[in-house]
Amino acid sequence: EVRQTFSDWASHVIRLVKDTPYIEVEWTAGPIPIHTDWIQGEGDLGKEVSIRYNTGLKSQGVFHTDSNGREMVKRIRNGRGPSYPQPLNISE
């Protein structure tokens, strides 16, 4: 298990469980402070926290998430539902 604490409102835990084909990732963010010394001139604007993982895993862009502790949801990298135009134009 690896534990990272970035501040009193942001932490990250990665667990590798023996004999399982997955890892567990737990991150906690909030409440995010509005007034900060590290972002000048932002005033009372909201803040957003994001996390990005880079890995050499051969997953063909398929991964699973679980945000409520009840069910795993299959995700496809850059995949979109039927309401998005096809073909998908990724410009970033």
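At 36% relative accessibility, E26 counts as partly exposed, a class that lies between buried (under 20% relative accessible area) and exposed (over 50%), as computed with a 1.4 Å probe on protein chains only. The model is predicted, so that local features need pLDDT of at least 70 and side-chain atom pairs count only at pLDDT 80 or more, whereas totals for chains, interfaces and linings use all residues. Residues are numbered from 1 along each chain as its sequence is written, and side-chain values use heavy atoms, with hydrogens and water left out.

Side chains of opposite charge can pair when their charged atoms come close. A salt bridge is defined here as a side-chain nitrogen of Lys or Arg within 4 Å of a carboxyl oxygen of Asp or Glu, and a search of the whole structure finds four of them. One of these joins the side chains of R15 and E26, with an N to O distance of 3.2 Å. Because R15 lies in strand β2 and E26 in strand β3 (residues 23-29), this pair ties together parts that are eleven residues apart in sequence; strands are DSSP runs (E, at least two residues), numbered from the N terminus. Through shared partners, salt bridges join E1, R3, R15, E24 and E26 into one network.

Since E1 lies in the segment before β1 (2-7) and R15 in strand β2 (residues 10-16), the contact ties together parts that are 14 residues apart in sequence.

Terms used
Helices (H or I, at least four residues) and strands (E, at least two) are DSSP runs, numbered from the N terminus.
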